[in-house]
Amino acid sequence: MPETTDVRGGATAPSGERPEGADVLVLGGAGVDTIVRVPELPLPYADSYMIDSGIRTRAGQTGDFVALGLAALGLRTHHLDLLGDDPEGGLVRALHHEHGIALTALPQPAGTKRAVNLVGPDGRRLSLYDTTRAHPEDRFPEATVRALAAASRHVHVTITQPCAHALPVLRETGVPLSTDLHDWDGENPYHEPFAYAADVVFLSAAALADPERTMRRIARRGRARTVVATAGAEGAFLLADGELTEVPAAEPPAPVVDSNGAGDAFAAAFLYGRLAGEPAERCARYGALAGAHACTVPADRADAIGREELLRRAAVPSP
């Protein structure tokens with residue numbers, strides 16, 4: 001029987017034990033990023049660049065950021081992923097401990113996932129992912145997935161390989177699912193099982209020639225009654241129960257320094273509203289506000305908007 005670790009308790013327990021309940025279980029997406037601020041993107045070829053702002057490594061990939069956002073909004077959050085017994089894994093464990101997020105860390109002999117993010121002056125980023133730290137045969141134990149999902153009100157699934165294998169088990173539990181397809185082009189078949197299994201689907205409109213067409217196809221072929229396509233400074237598109245609306249972008253509360261994690265913040269705040277019973281339009285407003293806040297947080301920091309601040313900003317009418 002595999003062993004898992006709950007960071008809040010600092011203890012190791014067999015995964016077969018009944019876990020403590022959570023509002024949201026986040027599957028996958030734990031890892032470490034090395035942040036490099038560059039003078040422009042794309043970066044012209046040169047023999048070397050002097051990085052005066054420093055090169056920093058911190059925990060925080062998509063699952064980490066969603067979990068962080070949910071916890072900051074007061075939701076009981078549990079994160080499940082594979083982690084290596086390495087310095088990167090130590091950073092991920094420390095992040096969850098610092099923010100009081102339960103973490104079930106299963107052993108990953110290949111090591112903790114890592115990436116290098118090049119961040120331009122306007123906050124845009126280019127990510128380089130180390131694919132050697134994951135394998136197609138990576139799996140979460142079915143008993144662990146089933147137990148954690150059954151103890152949760154909602155499950156957010158990242159599009160990593162172990163999560164793809166976990167989708168049938170998750171659907172059997174009957175727990176509502178969400179996923180983020182990120183910059184899906186609407187054609188790559190890898191993303192389709194996630195898109196069609198989830199009840200709520202997030203994705204970026206950046207690579208979509210016709211966002212509405214892709215959103216309606218997701219709703220038609222899958223289970224989702226809510227699909228959200230974020231469009232950066234242009235806001236977002238919301239498809240809810242067959243009706244498409246445009247969600248205006250929120251004004252950032254400070255200068256934009258990094259777009260990394262904005263989509264994860266949007267998803268976390270949207271799910272907060274959904275679990276609170278808010279209508280989809282209100283959830284999307286929460287998402288826009290949280291995404292705008294995330295763009296003002298430097299790339300080397302892990303920070304998220306809190307519930308009080310989110311509700312305060314949401315009370316101000318959007319322009």
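Two strands pair if DSSP finds at least two bridges between them. The views below come from a predicted model.

**Figure 1. Strand E3 and its two neighbours in the sheet.** Strand E3 covers residues 22-27. E3 and E6 pair in the parallel sense, over 4 bridges, and Leu27 has Leu80 of E6 as its bridge partner. E3 is also joined to E10 by 5 bridges, and these two strands run parallel. In that pairing, Ala22 stands opposite Ser152 of E10. E3 is largely enclosed by the rest of the structure, because 6 of its 6 residues are buried.

**Figure 2. The open sheet of 9 strands.** The strand order is E7-E6-E3-E10-E11-E12-E13-E14-E15, and the pairing is mixed. The edges are formed by E7 (102-107) and E15 (243-247), each of which pairs on one side only. From one strand to the next, the twist averages 15°.

**Figure 3. Surroundings of Asp23.** Asp23 lies in strand E3. Its relative accessible area is 7%, so Asp23 is buried, the cut-off being under 20%. The side chain of Asp23 forms a polar contact of 3.1 Å with the side chain of Arg153. Leaving aside residues up to four places away in sequence, Asp23 touches Leu75, Arg76, Ser152, Arg153, His154 and Leu275. Asp23 and Thr77 are 54 residues apart in sequence, yet their C-alpha atoms are 6.0 Å apart in space.

**Figure 4. Helix H1 and the elements around it.** The buried residues are Thr62, Gly63, Asp64, Phe65, Val66, Ala67, Leu68, Gly69 and Leu70. They pack against strands E3, E5 (55-59), E6 (77-83) and E10 (152-157), and against helices H2 (87-98) and H7 (262-275). After H1 comes Gly74, which has a positive phi near 90°.

**Figure 5. Thr158 in the loop between E10 and H4.** Thr158 is placed in the loop that lies between strand E10 and helix H4. With a relative accessibility of 3%, Thr158 counts as buried. Its side chain reaches the backbone nitrogen of Gly29 at 3.3 Å. Not counting residues up to four places away in sequence, Thr158 touches Leu27, Gly28, Gly29, Thr62, Gly63, Cys163 and Phe194.

**Figure 6. Packing of helices H3 and H4.** H3 (residues 142-150) and H4 (residues 161-173) pack at an angle of about 35°, and their axes are 9 Å apart. The crossing of H3 past H4 is right-handed. H3 contributes Glu142, Val145, Arg146 and Ala149 to the contact, while H4 contributes Ala166, Val169, Leu170, Glu172 and Thr173. By type, the residues of this contact are 5 nonpolar, 1 polar and 3 charged. An α-helix has 3.6 residues a turn, so residues three or four places apart point the same way.

**Figure 7. Helix H6 across strands E12 to E15.** H6 (residues 211-221) lies across E12, E13, E14 (236-240) and E15, and runs at about 30° to E14. Strands E12 (residues 200-204) and E13 (residues 226-230) run parallel and are joined by 5 bridges. Leu203 stands opposite Ala229, a residue of E13.

Figure 8. Leu41 and Pro42 are joined by a cis peptide bond, with omega about 0°. Pro42 is in the loop between strand E4 (32-37) and strand E5.

Figure 9. His182 is not a glycine, but its phi is positive, about 55°. His182 sits in the loop between strand E11 (177-180) and helix H5 (192-197), and counts as partly exposed at 25% relative accessibility. Asp241, also a residue other than glycine, has a positive phi near 50°. Asp241 is in the loop between E14 and E15. Its relative accessible area is 55%, so Asp241 is exposed, the cut-off being over 50%.

Technical notes
Residues numbered from 1 in each chain as written. Predicted model: local features only at pLDDT ≥ 70, side-chain atom pairs only at ≥ 80, totals over all residues. Heavy atoms only, no water. Axes fitted to C-alpha atoms, helices over the stretch in contact; angles between N-to-C directions. Left-handed = near helix turned anticlockwise from the far one by under 90°. Contact = heavy atoms within 4.5 Å. Nonpolar A, V, L, I, M, F, W, Y, C, P; charged D, E, K, R; others polar. Buried < 20%, exposed > 50% of the residue type's maximum accessible area, 1.4 Å probe, protein only. Polar contact = N/O pair within 3.5 Å; in protein donor to acceptor, adjacent residues only side chain to side chain.
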